[in-house]
Each structure stands twice: as structure tokens, then as C-alpha cells.
Amino acid sequence: MDEARRARLEAWLRAETGDAALAIADLRRLSGGAIQQNWALDVRCGDGRTAAWVLRTDNAATLAVSHGRAEEFALLRAAHAAGVTVPEPLLLCPDRAVIGAPFFVMRRVEGVAAGHRVVRCGTLAGGRRAAAEAVGRELARIHAIRPPRADLAFLGAPPADPAAAFLADQQRALDRQRDPHPILEWGLRHLARRAPAPVAPVLCHNDFRTGNIMFDARGVTAVLDWEFAGWGDPHADLGWLCAKCWRFGNDAEEAGGIGPRDALYAGYADAGGAPPDPGRVAWWEIAAHLRWATIALDQAERHLSGAEPSLELALTGHIVPQLEWDILAAVEARDAA
């Protein structure tokens, strides 16, 4: 961030906090964040105290389906109030004039989130079973948030049929691609033939997976990245987490490579979640591979279009063949069961 924007940010923070002596001690961009930018923000307060925050703002190009920062801030507030372990939301700035894009500030938390590290460490959160149970409890607390909610009115009315809405969205995603993807089209047709009936809608995180859950030795320290949240079928979040593509190679641990599936379900029930329907979860696991494939194609398009040249975005498109293989294998396994 250049000096001019940093100075405007400091002035804005002083005005919002009422602390005329507040000063930015350090501001550095954090790794990750292909869709949004996260900046570590250390400030010195006028009374001598220090604070560790995170500033979250837009990348140069964002996905059309992701929420803006004001909406994500509202989601964090709702989750925080519901007892979900999230970074405490502090300040919101919808004014682009400050740093060039809307942003919000939240309290910084410590822990490990990187998927490849989480799945290789069997001691986080007290061990694999305890970690999976803790994740299940967090998800149940999210799903306890139900419509209608005036503070989440921007989410719109819940879909009458979440599975049908998903299928229509994925068809649109495939229709806008540069090239045809017959295996993904085939997977979509399979899902359409087996679509589950609607259930009562809940708030779904819609990116609840290894990599967006932060741990330390004692438990979950934060559920991150709420920009895709919306009303839907709770099994969609369970399927997304349990999909093979989010196990980071630790395929034996079906709950996101973190721990066993039954421990995830036990933690979910312990926090008040209804017992998951295995058949519905299996449907949403296949759906997860399809959705991740179309997201990967859209990410690659950000590079290919020239909107945001990036090796990371370009390489993301190359995961699609593996996801196609996972769809074929998952359908075969389900049909054989």
C-alpha cells in the first residue's frame, strides 16, 4: 500500500476510533487471498496500548458471486453474535476514497489455517477426532442462524429448492466458459437426476473447508472467509467440507483431511445440529467437486482475460481434470453402494 493511501487510512482510523493519536505501526499484506486481500494492521493507540488487526479489502478483480465487504462484515457480526468462532468485526469503511476499495477491520487471531499444514498435523485442537468434533460444533452454530433476518436482508429470500438453484447456477457457469467441459456437463446431468427434495433453509457458509478454518493446539480459533455465505441446505456445507478435493491428500480422514467423518457428525449433533442424511451429504459432495471446478475455471479466466495476470490464478485452472476424475469416481462409488 503506497504512502498516500496509508496516510488516508490512518486518518480514517483516527476519526472512527476517536483516538486522535492513533498511529499505524505496521501494515503488511498477508499471504493467500486469491479473491480478497488481507493486510496485517498493527496500530499504536494514544494511551500507549497496541492492537493487532486485519484489514480485508477487494482484489483488483473479484468473483461476481462473492459478497462485498459491507455484506461480509454483516455476516461476521451475525456469526459472532451466534457464538461462532470468528474474528471480532470492528470497523467498516464502504468509502472507496480511503484506500481505493471498500474494506473492514477485524481483530487478528492466531493459529494455523493452511490446508497442507492442518492435515499433516495430528495434534491441532487436541488430535484428529477432537479437531473434527470442534469443526462440527462450529458448523452447527452457523446453521442455527435461520431466515428471516433483517440484518442479513441482502442475502435475499431463501431458495425454494436449494438443489435446483445450485443446478441452475452451475449450468450458467458452464455456459459462460471459453471451452466445452463434457465431463462436468455429465456430472451436472447425474446430479439433476438424483436431486434431493428441499429442506428448511439455514445460513450456509458455502466455503466451509480446510484452509478456511484456523486452529491452534486447543481448538478452532477462527472460521474465515464468509464472502460466499447464503441461505441453503445445511448438507451443502457438510458435503463441501467432506469432498475429496478439500482433504489436501489426507484422503483417509473424510472430514476435510482433518479427522473422521463420524467425529464431525458427533460434534455437529453435540452443538444442536440435526443428524445429517448421508445420502444428501453424498449428493452435495459430488456437487462440491463440480462447483470447485467451475470456480477454478472462473479464476483462470481472470488471468486469461487480462483483468488480473497471475500465475496462481492461471494454475488454478489446471486442477479441473483432477476434479473431473473425482466426479467420475464419486458417481461410480455411489452407484455401486
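Predicted model: local features only at pLDDT ≥ 70, side-chain atom pairs only at ≥ 80, totals over all residues.
**Notes on helix α8 and the overall fold**

1. Which residues of α8 are buried? Within the helix, which covers residues 261-270, they are R261, A263, L264, Y265, G267 and Y268. An α-helix has 3.6 residues a turn, so positions three or four places apart point the same way. For α8, look at L264 and Y268, both on the buried list.

2. Just past the end of α8, have a look at G272: its phi is positive, at about 100°.

3. Zooming out, the chain is built from eleven helices and nine strands. Its radius of gyration is 20 Å, close to the 20 Å that the globule rule gives for 337 residues, so the chain is as compact as a globular protein of that length. Along the principal axes, the C-alpha trace spans about 65 × 45 × 40 Å.

4. How much of the chain is buried? Of its 337 residues, 53% count as buried. As for contacts between residues at least 6 apart in sequence, 68% of them join residues at least 24 apart.

5. Last, the charges: I'd note 37 positive and 43 negative side chains, with the centres of the two sets 2 Å apart.

How values were computed:
Residues numbered from 1 in each chain as written. Heavy atoms only, no water. Buried < 20%, exposed > 50% of the residue type's maximum accessible area, 1.4 Å probe, protein only. Helix = DSSP H or I, 4+ residues; strand = E, 2+ residues; numbered from the N terminus. Rg over C-alpha atoms; globule rule 2.2 N^0.38 Å. Contact = heavy atoms within 4.5 Å. Lys, Arg positive; Asp, Glu negative; His and termini not counted. Charge placed at Lys NZ, Arg CZ, Asp CG, Glu CD.
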